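Notebook open, model loaded. I wanted a quick look at the overall build first, then a few side chains.

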Amino acid sequence: MTDLPIYPLTNEHKMLRDAARDFAEKKITPITTEFDENEKFPHATIKKMGELGFMGIELPEEYGGAGMDALAYVLALEEICKVDAAHGVIMSVNNSLYCHGILKFGTEEQKKKFIAPIASGKAIGAYSLTEPQSGSDAGTMRSRATRDGDFYILNGRKSWVTSGPVADYFVVFMMTDPEKKQKGVSAFLVDGKTPGLVRGKKEPKLGIRASATSELIFENCRIPAENLLGVEGEGFKIAMTVLDAGRIGIATQALGIAEAAYEAARQYAGQREAFGQPIGSFQGTGFKLADMKTRIEASRLLIYNAAIAKENAKGSNGRYSLEASMAKLFASETAMFVTHQAVQIHGGMGYSKELPVERYFRDAKITEIYEGTSEIQRLVISRIELGSK
Ligand code: CAA
């Protein structure tokens, strides 16, 4: 496999990337099959990833983070996802959906209390926007947060929460003023131990089965008013801002899956013989590999570009929605294309649980769905391009 020198990486970037690669190969590879088959949450390896600094890569050191840039985050996440996309989504949600929003919109007290334990791996964070009847149309949520003196009382049902069954802390979006629709949404920080917060059923999933996903049910869940993130009515913008960061993480997850599937297919094509020669020497296979490689490298360019746009936007209100959505759209569709071709090149062995190729194929699908479907990414991109938003 040829490594294309695309972006000049610093020594720190390379060291972090190599550390993530080493950890993933040595500590995650041996457990992937068992944890995938049994839907076991990888508590020990996630804790270790926190200790190594992978859970708060872009967070300043004063909050327990590694103090690195957005490209560093992408490089480390890519290595984890090459080995296991389930570890990857837990890492992505902790870094982007959870920490990013608190860092950008939180008070000093909130940052100290809610970020530091996540960055060190002592705790797990989650993000809860979706509801059973509102996914893509996120502004139509029904759950309610009502102010009661120094508290808010939360009621409602949330769904598809990554790390929902195990998270210690949540960023939760609820309506404080339903009349105002999106401008009536607010964001809250919720301790997972708060009475009235009930974890719903764990979702049985096609892929990323070692990650845990569930509903959350809020029944008169009383939280301190100081846990409001940002200001009342700004919740929808916070949710969208955070999703821009999250989408770069999911794009990277897709890239990692695609790279793993490609490498397996490339090696198999060189070894497996049919009609007296390696199947890679047939144009039908060689051209497949050429398309897979080209789309992977195009994904990488879009992702690194989005990471740099995110870095440039730090400390300002600048948006990088276009870059993030293009990266997620292209990388997730590439992951589906590449894993599909990788199964095909492997023939029957691609369909067998003896090799990880079938897992890559199952894991790839979710990247076209969560944190905004491919249709939503096209909507975001086309609206920006047409100047309609
Ligand atoms: N950054 C900042 N502000 C933004 C923004 C962004 N990226 N996107 C929109 N906004 C602002 C707009 O400027 C607008 O503000 P003003 O009214 O002041 O101008 C406001 O938010 C409303 O925006 P829209 O009118 O564009 O809203 P919309 O209702 O048309 O919806 C949407 C836009 C893009 C479709 C949005 O609803 C969306 O992204 N939907 C998909 C939701 C999603 O990705 N869900 C995944 C949840 S997480 C998950 O998957 C689970 C997990 O745990 C991993």
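My entries follow, from the whole chain down to single residues.

**Ground rules.** I am working with a predicted model, where local features need pLDDT of at least 70, side-chain atom pairs count only at pLDDT 80 or more, and totals for chains, interfaces and linings use all residues. I number residues from 1 along each chain as its sequence is written, and side-chain values use heavy atoms, with hydrogens and water left out.

**Whole chain.** I counted secondary structure and got 12 helices and 10 strands (DSSP runs numbered from the N terminus, with helices as H or I of at least four residues and strands as E of at least two). The radius of gyration came out at 21 Å, close to the 21 Å of the globule rule for 389 residues, so the chain is as compact as a globular protein of that length (taken over C-alpha atoms; the rule is 2.2 Å times the number of residues to the power 0.38).

I then checked burial: 55% of the 389 residues count as buried (under 20% relative accessible area, with exposed over 50% and partly exposed in between, using a 1.4 Å probe and protein chains only). For contacts (heavy atoms within 4.5 Å) with a separation of 6 or more, 74% are between residues 24 or more positions apart.

**Aromatic pairs.** I found 5 of them (rings of Phe, Tyr and Trp, the latter by its six-membered ring, with centres within 6.5 Å; planes under 30 degrees apart are stacked, over 60 edge-to-face, the rest tilted). One is F23 with F54, edge-to-face because the planes stand at 75°, with the centres 6.2 Å apart. This pair links distant parts of the chain: F23 sits in helix α1 (residues 11-28), F54 in the loop between α3 (43-51) and α4 (70-83), 31 residues apart. F23 is buried at 6% relative accessible area, and F54 is buried at 1%.

I looked at F275 and F282 next: they are also edge-to-face, 6.3 Å centre to centre and 85° between the planes. Here F275 is exposed at 80% relative accessibility, while F282 is partly exposed at 29%.

**T339.** Where does T339 lie? I placed T339 in helix α10 (residues 321-346). T339 is buried, with a relative accessible area of 0%. Leaving aside neighbours within four places in sequence, I listed I257, A261, Y360, F361 and A364 as the contacts of T339.
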